[in-house]
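Please read this briefing with the sequence and the structure side by side, and find each named residue as you come to it. The points are grouped by topic.

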Amino acid sequence: MRRFAVRVPGNGDSVNCLERFMNHYFASDIHLGAGGEAFAGETERRFVAWLDDAAKDAESIFLVGDLFDFWFEYREVVPKGFVRTLGKLAELTDRGVRVVFFTGNHDMWVGDYLARECGVEVYTSPQRFCLNGKHLFIAHGDNMKIDGQPVLKLLNTVFRSRTLRWLFSWLLHPDWAMRFGHWWSGKSRKSHAADTLDVSLTEPLIQYAREYAAMHDVDHFVFGHMHFPRDFREGNLHVINLGCWEQYPSYAVLDASGELTLRRLEAFR
């Protein structure tokens, strides 16, 4: 396999391309560590089983944000747990499966550990890829179309601040940092309770895709964050919104023909 970059005619953007055609998988919002101990363990075992199944014909696996319910790296310390997941990711990359991780609002404070120890590619912003001859725009989606939400916009700015990250790492003992992080993540996740989830939540991301597609050549958009799975098609516009694994577990597959489909797993709890 050979990876290379091309420029899209008309806008000069560089796009990551893969030469060999195979399946590409997408999942987001697994929120490993969320819920009680038993539920968190079941979620992780199910996710690892899904990774094993996907790897049978996967050229690459894209994890589109919020893989962890909370993740923070100190210089020499990482969160306890997730051994099955981290080991599986390392095993897959050792076997030549490309694993691409996008940070989400729950795991934005990733350092170099996943890349160094597990061989995972890490991105902190939206990216465009050329896969199986199709142009894909991939993003978690947590900081898009939020100009009308000043509180959310402020929180995004604050939590992405390098200064805050430095203060957090130097002023808080890891035990207290993890306790605070899990409390905050749980509070945020509860705002996506099952009775508040509906298709309307995905509209801001679809509108973002409409505006972006009007100026760029994109065949498929892939988002997470909103927790509600949706396969939206409007003319040439195709947007996949991946569901969360707690309430609406789902994933997407881009096959060798370039067709992207949303698939759902049975809900569990």
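A search of the whole structure, which is a predicted model, finds zero disulfides.

**The protein as a whole**

- The secondary structure of the protein comes to seven helices and 13 strands, and of its 269 residues 50% are buried.

**Helix 1 and its neighbours**

- Helix 1 runs over residues 37-54, and its 18 residues reach 26 Å from the first C-alpha to the last, which is close to the 26 Å expected at 1.5 Å a residue.
- Several residues of helix 1 are buried, including Phe39, Ala40, Thr43, Phe47, Trp50, Leu51 and Ala54.
- An α-helix has 3.6 residues a turn, so residues three or four places apart point the same way.
- Which elements do the buried residues of helix 1 pack against? They pack against strand 3 (23-27), strand 4 (58-64), helix 2 (83-94) and strand 12 (250-254).

**Aromatic rings**

- The count of aromatic pairs comes to 24, and one of them is formed by Trp50 and Trp245, whose ring centres are 5.8 Å apart; because their planes stand at 80 degrees, over the cut-off of 60, the pair is edge-to-face.
- This pair links distant parts of the chain, since Trp50 belongs to helix 1 while Trp245 lies in the loop between strand 11 (237-241) and strand 12, 195 residues apart.
- Trp50 counts as buried at 6% relative accessibility, and Trp245 is buried with a relative accessible area of 0%.
- Phe137 and Tyr208 form a tilted aromatic pair, with 5.9 Å from centre to centre and 45 degrees between the planes.
- Phe137 lies in strand 8 (residues 134-139) and Tyr208 in helix 7 (residues 203-213), so the pair ties together parts that are 71 residues apart in sequence.
- Buried or partly exposed: what are Phe137 and Tyr208? Phe137 is buried, with a relative accessible area of 3%, whereas Tyr208 is partly exposed, with a relative accessible area of 22%.
- One aromatic cluster is formed by Tyr25, Phe47, Trp50, Trp245 and Tyr251.

**A hairpin and residues with positive phi**

- Strand 10 (residues 230-234) pairs with strand 11 in the antiparallel sense over five bridges, and the bridge partner of Glu234 is Leu237 in strand 11.
- Two residues stand between the strands in this hairpin, where Gly235 takes a positive phi near 65 degrees.
- Phe82 has a positive phi near 65 degrees although it is a residue other than glycine; its place is in the loop between strand 4 and helix 2, and Phe82 is buried, with a relative accessible area of 11%.
- His227, also a residue other than glycine, has a positive phi near 70 degrees; this residue is found in the loop between strand 9 (220-223) and strand 10, and His227 is buried, with a relative accessible area of 3%.

Notes:
Residues numbered from 1 in each chain as written. Predicted model: local features only at pLDDT ≥ 70, side-chain atom pairs only at ≥ 80, totals over all residues. Heavy atoms only, no water. Helix = DSSP H or I, 4+ residues; strand = E, 2+ residues; numbered from the N terminus. Buried < 20%, exposed > 50% of the residue type's maximum accessible area, 1.4 Å probe, protein only. Disulfide = S-S within 2.5 Å. Expected span 1.5 Å × (residues − 1). Contact = heavy atoms within 4.5 Å. Phe/Tyr/Trp six-rings, centres within 6.5 Å; stacked < 30°, edge-to-face > 60°. Pairing = 2+ DSSP bridges.
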